Amino acid sequence: MGMNQTPASERVHIGFFGKRNAGKSSVMNAVTGQELAVVSNVKGTTTDPVYKTMELLPLGPVVMIDTPGIDDEGGLGELRVKKSYQVLNKTDVAVLVIDGESGLSPEDAALAERIRKKEIPLVVIINKKELSPRGLAERAEQELGLERGQVTAVSAVSGDGITELKERIAAAAHTEEPEKYLVRGLLKPADIAVLVVPIDSAAPKGRLILPQQQTIRDILEAGGISVVVRETELQDALSKLGTKPKIVITDSQAFSQVSAVTPEDILLTSFSILFAAYKGNLEQAVRGVTALDRLSDGDTVLISEGCTHHRQCDDIGTVKIPRWIREYTGKEVQIETTSGTEFPDDLSKYKLVIHCGGCMLNEREMKYRLSCAADQGVPMTNYGILIAYVKGILKRSVEVFPEIYEMLK
């Protein structure tokens, strides 16, 4: 997959943070060499986080994020500050921009501490180098508890120090994590994978959704053979294939129908379960789904989606899953929903959190949401695992992951 086609969820997220008028937007524009963000001398010009996907050498595909000032005031200002803090949950590298004219502020120091607590790689810079007093970088290093040379002075106006800043961002983002795959490790060259993709009112017109696209690409990378059908043609497809497929991967909503026609000697799973394994939360999600059996009348369940979309009349998150929960449990539970960047910090009121596959969220944000639930002792699962569980086919659907399969045995 080329850099221009890299999904946003797979890109390094670089966030620029600081007080109003510190020059966050100007610095981001200078780093990218583009006018990505509006620049003004008026405080509070950036009122919402601004996202831009692009290629940034030497890093490659990234998402650049400009944020509102952390010292914004008033009721609306508080909401803007909250949005800036929410951006931290998806930030892989945080750039703290200190105003060289006014120097390090208590707000800067508090933000740096918050970033450290979240274990986000931190790059600290002083902007407006031409206006800052001598020794400001050294004093900032001392007050922030940083080693000598960890604060860089730059000028977004002249470009002085910007090359060094780009190198520091690249160094902070560099990790040696092993490469992960969606399905490649399950296939050998020439293995057949059948993908079941329902085409109904909820399906986007003229295209496949991101999990389906990424799975097809991963099958091709493995040298496998990808066959894509609707659930209504699956039985015919299986009978007409000259070779038995290695695996059938289905949209979770078609689990029951697909399971009924897929022979037991063919592996079966869903896109949602593959993404849970890919993002490292499959075990937590499998353990979490058993909370369904402990729900009582009046309990509250949170259903959360990582993206926003137009709701259909039989929407999975707001209609189908609530219906399946009530049918399975026989209880009158209360359902609350969130979408996009909304995700409550306090989950204590919920007996269960059910999340989508998270294909639109980067790994850091998904891990943040999972840790929120784990730290507060709230079970969390995902759409595909819940559907497989209530339909009685969870054990079969995780057989492709032996450790999880053994856990259920």
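This is a predicted model: local features need pLDDT of at least 70, side-chain atom pairs count only at pLDDT 80 or more; totals for chains, interfaces and linings use all residues.

Reader: How much of the protein counts as buried, and what about the area it exposes?

Author: Of the 409 residues, 51% count as buried.

Reader: What share of the contacts comes from residues 24 or more positions apart?

Author: If you take the contacts with a separation of 6 or more, residues 24 or more positions apart account for 72% of them.

Reader: Switching to charges, how many positive and negative side chains are there?

Author: There are 48 positive and 56 negative side chains, and the centres of these two sets lie 2 Å apart.

Reader: Ok, on to the helix. Is helix 1 enclosed or open, and why?

Author: Helix 1 covers residues 24–32, and seven of its nine residues are buried, so this helix is largely enclosed by the rest of the structure. The buried ones are K24, S25, V27, M28, N29, V31 and T32.

Reader: What covers those buried residues of helix 1?

Author: The cover includes strand 1 (12–18), strand 2 (50–56), strand 3 (60–66), strand 4 (93–99) and strand 5 (122–127), together with helix 5 (162–173).

Reader: What follows helix 1?

Author: Helix 1 is followed by G33, whose phi is positive, near 70°. N21 is partly exposed, with a relative accessible area of 27%.

Reader: Where is E119, and what is its phi?

Author: E119 lies in the loop between helix 3 (106–117) and strand 5, and its phi is positive at about 60° although E119 is not a glycine. E119 is exposed, with a relative accessible area of 66%.

Reader: You mentioned helix 5 earlier. Is A170 in that helix buried or exposed?

Author: A170, which lies in helix 5, counts as buried at 13% relative accessibility. Leaving out residues up to four places away in sequence, A170 touches P58 and L59. For a sense of distance, A170 and W324 are 154 residues apart in sequence, and their C-alpha atoms are 46 Å apart in space.

Reader: Now N362. Where is it found, and what is it in contact with?

Author: N362 is in the loop between strand 13 (352–355) and helix 12 (363–375), and N362 is buried, with a relative accessible area of 3%. Setting aside its neighbours within four places in sequence, N362 is in contact with S9, H13, K90, D92 and K279. A polar atom of the N362 side chain also lies 3.1 Å from the backbone nitrogen of E365.

Reader: And which residues does T381 touch?

Author: T381 sits in strand 14 (residues 380–382) and is buried, with a relative accessible area of 3%. Not counting residues up to four places away in sequence, T381 touches A285, G288, V289, L352, V353, I354, H355 and L386.

Reader: Last one: is D299 buried or exposed, and where is its place?

Author: D299 is in the loop between helix 10 (282–289) and strand 11 (300–304), and at 14% relative accessibility D299 counts as buried. Apart from residues up to four places away in sequence, D299 touches R294, V333, Q334 and K351. The C-alpha atoms of D299 and K320 are separated by 18 Å, with the two residues 21 apart along the chain.

Key:
Residues are numbered from 1 along each chain as its sequence is written. Side-chain values use heavy atoms; hydrogens and water are left out. Buried means under 20% relative accessible area, exposed over 50%, partly exposed in between (1.4 Å probe, protein chains only). Contact means heavy atoms within 4.5 Å. Lys and Arg count as positive and Asp and Glu as negative; His and the chain ends are not counted. The place of a charge is taken as NZ of Lys, CZ of Arg, CG of Asp or CD of Glu. Helices (H or I, at least four residues) and strands (E, at least two) are DSSP runs, numbered from the N terminus. A polar contact is a pair of N or O atoms within 3.5 Å; within protein, one must be able to donate a hydrogen and the other to accept it, and residues adjacent in sequence count only if both atoms are side-chain atoms.
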